[in-house]
Amino acid sequence: MANFFSSKTGIIVTGLAIGLIAPFLQKLGNPGNMGICVACFERDLAGAIGLHRAAVVQYLRPEIIGFVLGSLAAALATRDFRPRAGSAPVVRFVLGMFAMIGALVFLGCPWRTVLRLAGGDLNAIAGLLGLVTGIGLGTLFFRQGYNLGRSQKTYSSVGFIMPLCMVGLLALLLLFPQIQGQGQSGILFYSVKGPGSMHAPLLVSLAAGLAVGVLAQRSRFCTMGAFRDLILFRQAHLFLGVLAFFAAALVVNIALGQFKLGFEGQPVAHTQQLWNFLGMLLAGLCFALAGGCPGRQLFMAGEGDGDAAVFVFGMLFGGALAHNFGLASSPAGIGPHGMAGVVVGLAVCLYFGLTMRNKA
């Protein structure tokens, strides 16, 4: 099975599976063109535990929990659980923060970029171009010796931190379920309107997350890695998975009547193309410098990578920051301080890329 998932067939099967699951989650209640969006779901999670108070985006998404625990289960079952940490954790936290800010200016992670295109949202073209440009810029830094340093083998307890956090969040979700029409249940916050109020049934979402976590951990599925490998090494292995993801989502969306071609009136999207491009350029550069897209970071955190866990915590903080300080976009357009957030984020990334290099 290990050989299967590392093969071209394995990565294609993984992409097809994610492309099938995401539109069905949308059909069952998740927001439009957002059957799965790691950035948006982490933003909602940050709101659910009170890190921000944007009432329309607060829900403890079970898919995120499933991604980590599914990855953990797969790693333990195959003896692939490898606790490690120590590769520039503070830098990874900052990269996670700005990756989230860029993604929320665009309104989606790389996975949602693909899903928006598969749903007919042409605004995602600018986002995709920005994502590829950001990753391409990251490859230039790689060629010049950019490196976050080596992670080191560490205690198993470190590797279990993120999975244990997810078990705790799942316990909170079960102990404090949403009360119809109320925005708070115990210590958790729930949206009663907006994207946060739209979700598939809890057990379905959790099962979907677990399945994706298992498949993606074994196949090393990563959208950032797909474009990086294509640009840097001319290798299309991971890219085949992304193509399969898009193709499956497109077919299912058409079959379910969820395909709507155009720029205007797309769900949870805006038409300011320059900032769609620049937001995802920032996000793509952050993902490249950190070594993985947001989904891949969750899967690595599940298999014991403490540095990936730090990146995830950075994204959660960035989601809270984006909504507390007017950086995030909405269907009406970018937030009042979104431009400044992108410009500062790009400056910080350039600083990291130019200064963190191995010297001969």
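Start at the largest pocket: select Arg92, Arg228, Ala290, Gly291 and Met300, which lie nearest its centre among the 28 lining residues. A pocket here is an open set of points on a 1 Å grid over the protein atoms alone, where a 1.4 Å probe fits, with protein on both sides within 12 Å along at least five of seven lines; lining residues have an atom within 4 Å of a point. You are looking at a predicted model, where local features need pLDDT of at least 70 and side-chain atom pairs count only at pLDDT 80 or more, while totals for chains, interfaces and linings use all residues. Residues are numbered from 1 along each chain as its sequence is written, and side-chain values use heavy atoms, with hydrogens and water left out.

Now colour helix H11 (223–232), H13, helix H14 (294–302) and helix H15 (306–324): these elements each give two or more residues to the pocket lining. Helices (H or I, at least four residues) and strands (E, at least two) are DSSP runs, numbered from the N terminus.

Next, go to the largest nonpolar core and show Phe67, Leu95 and Trp111, which touch the most other members of its 100 residues. Such a core is a set of buried Ala, Val, Leu, Ile, Met, Phe, Trp, Tyr and Cys residues joined through side-chain atoms within 4.5 Å. Helix H13 (residues 273–290) supplies the largest share of this core, twelve residues.

Stay on tryptophan 111: beyond its neighbours within four places in sequence, its contacts (heavy atoms within 4.5 Å) include Ile18, Phe67, Phe245 and Phe299.

Leucine 107, in the loop between helix H5 (89–106) and helix H6 (110–118), is not a glycine, yet its phi is positive, near 80°. Is leucine 107 buried or exposed? At 4% relative accessibility, leucine 107 counts as buried (under 20% relative accessible area is buried, over 50% exposed, partly exposed in between; 1.4 Å probe, protein chains only). Then select arginine 234, in the loop between H11 and helix H12 (237–256). Arginine 234 also has a positive phi, about 60°, but counts as exposed at 65% relative accessibility.

Finally, zoom out: the chain has 16 helices and four strands.
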